[in-house]
Amino acid sequence: MPLLLGCIADDFTGATDLANTLVRGGMTAVQIIGVPDGPLPEADAVIIALKTRTAPVGDAVAQSLAACDALVAAGAKQVFWKYCSTFDSTDAGNIGPVGDALLKRLGSGFAVACPAFPTNGRTIYLGHLFVGGALLNESGMENHPLTPMTDANLVRVLSRQASGGVGLVPFGVVEQGVGAIRREMTRLVDAGRRWAIVDAVTDAHLMAIGEAVAPHALVTGGSGVAMGLPENFRRAGLLPPRADADALPPMRGFAAVVAGSCSRATLGQIGLARDHAPVLELDALATPDAAALVAQALGWVDGKLAADRPVVIAASATPEKVAALQAKLGREAAGALVEDAVAAIAEGLVARGVGRLVVAGGETSGAVVQRLGVTSLRIGPEIDPGVPWTYANPTGLHLALKSGNFGARDFFLKAFSHG
Ligand code: ADP
């Protein structure tokens with residue numbers, strides 16, 4: 001089975017979301033944690049999950065290039081650079097610098113940037129990113145602990161990060177379909193642009209954009225725009241029909257949720273879970289000590305574990321409390337403290353017989369997966385859009401890695417009603 005699509009993702013939940021999209025599109029997909037040092041597994045798509053969203057720019061570029069080299073060496077026909085559907089980044093990067101470096105490495109001069117994911121309420125209109133009915137900078141993302149997004153105009157945001165000029169393929173063009181999108185991209189290339197933000201408000205737009213970028217060496221965006229890519233490979237006669245791409249071994253063990261996300265959706269999910277399951281809300285501000293938080297959580301959980309409903313352990317806090325802890329410790333140290341604590345709690349839960357674990361938060365998931373020594377994930381059935389159950393190797397654990405803002409309010413309960 002030759003490798004068709006080689007993907008690089010800037011965080012773990014994003015990688016899973018992308019792998020999920022490709023599996024649903026009929027590709028076999030394996031997600032690898034970090035740049036592999038051996039040969040890649042056999043699959044139509046390999047997704048290399050990095051933890052570079054908030055890494056120093058130089059590190060993010062170096063790791064992304066190493067991942068790109070591994071994918072190209074394995075024969076990837078196209079490279080996909082996946083970042084968050086809310087375009088999470090600081091003005092220093094990392095989306096622009098990594099994208100520029102990948103373009104150069106692949107010997108290409110132009111790529112699209114399209115984080116739209118309409119199923120999850122992320123749409124782009126005239127270059128502006130909306131989350132549900134709100135502009136990005138009024139969606140709660142302006143309060144994100146690590147990557148506050150204060151500008152919804154993606155042409156402006158990417159222009160501050162990338163070199164070579166950023167253009168726009170506007171809604172009116174995207175509406176006209178593949179031919180019009182291609183013509184507009186050619187016009188932008190002729191005008192000296194290296195990047196194009198592409199409007200998209202429906203899945204039909206994403207499918208058209210996906211088809212339009214078939215000849216591109218590099219495609220960048222959220223998992224939404226990857227929806228159109230499997231069909232390109234089928235059209236080219238490279239991808240045969242596949243059944244049961246999402247089958248996993250049976251679930252076993254106790255059920256648990258750990259949360260380090262402070263996003264609105266996660267706070268709502270914790271709120272709903274309180275009425276249906278034991279919920280522990282840790283207060284990192286009152287106890288700014290990872291070991292003490294871990295001891296508190298693992299003491300509390302004693303006798304509460306069950307197979308038919310989860311225990312929920314959350315370090316999540318309101319924007320005011322997050323700001324207070326950051327003022328006390330610094331932004332990075334506050335994030336690292338909570339990530340370390342949640343990862344160690346997850347490890348303790350697995351040691352106590354938890355076999356199915358939901359992790360809320362992108363950075364948090366990265367920390368948990370590293371702590372558990374997971375090297376790859378097989379993608380299983382979808383719980384809510386963008387969040388599948390996965391089966392972790394080599395631990396034999398069912399994991400659902402949920403990006404903070406993803407999932408319906410009952411996600412933490414719904415997840416465990418899956419067989
Ligand atoms: P999301 O997917 O919602 O963006 P992440 O896990 O990526 O969630 O990011 C949330 C960040 O906030 C993590 O670094 C986490 O450690 C940090 N965090 C969580 N709780 C708190 C808190 N109470 N105070 C400060 N930072 C926190």
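The model is predicted, so local features need pLDDT of at least 70 and side-chain atom pairs count only at pLDDT 80 or more, while totals for chains, interfaces and linings use all residues. Residues are numbered from 1 along each chain as its sequence is written, and side-chain values use heavy atoms, with hydrogens and water left out.

The ligand sits in the largest pocket. A pocket here is an open set of points on a 1 Å grid over the protein atoms alone, where a 1.4 Å probe fits and protein lies on both sides within 12 Å along at least five of seven lines; to sit in it, a molecule needs more than half of its atoms within 2 Å of the grid points. Around the ligand there are 20 residues (a heavy atom within 4 Å), and His-144, Ser-261, Ser-263, Glu-339 and Thr-364 come closest. By type, the shell splits into eight nonpolar, ten polar (Gly counts here) and two charged residues. Because domain 1 (5–235) and domain 2 (254–417) both give residues to this shell, the ligand lies between them; the bounds come from an automatic or database domain assignment. Helix 12 (319–329), helix 13 (331–351) and helix 14 (362–372) supply at least two shell residues each (helices are DSSP runs of H or I, at least four residues; strands are E, at least two).

As for polar contacts (N or O pairs within 3.5 Å), a polar side-chain atom of Thr-364 is 2.6 Å from a ligand oxygen. A backbone N or O atom of Gly-404 lies 2.8 Å from an oxygen atom of the ligand, and one of Ala-315 lies 3.3 Å from a ligand nitrogen. Taken alone the ligand exposes 570 Å², and the protein buries 96% of that (Shrake-Rupley method, 1.4 Å probe).

Now for the backbone. Most residues other than glycine have a negative phi, and most peptide bonds are trans. Phe-87 has a positive phi, near 55 degrees, and lies in the loop between strand 4 and helix 3. Gly-93 and Asn-94 are joined by a cis peptide bond, omega about 10 degrees.

Definitions and conventions:
Polar contact = N/O pair within 3.5 Å; in protein donor to acceptor, adjacent residues only side chain to side chain. 1 Å grid on protein atoms, 1.4 Å probe; cavity = no way out; pocket = protein on both sides within 12 Å on 5 of 7 lines; lining within 4 Å.
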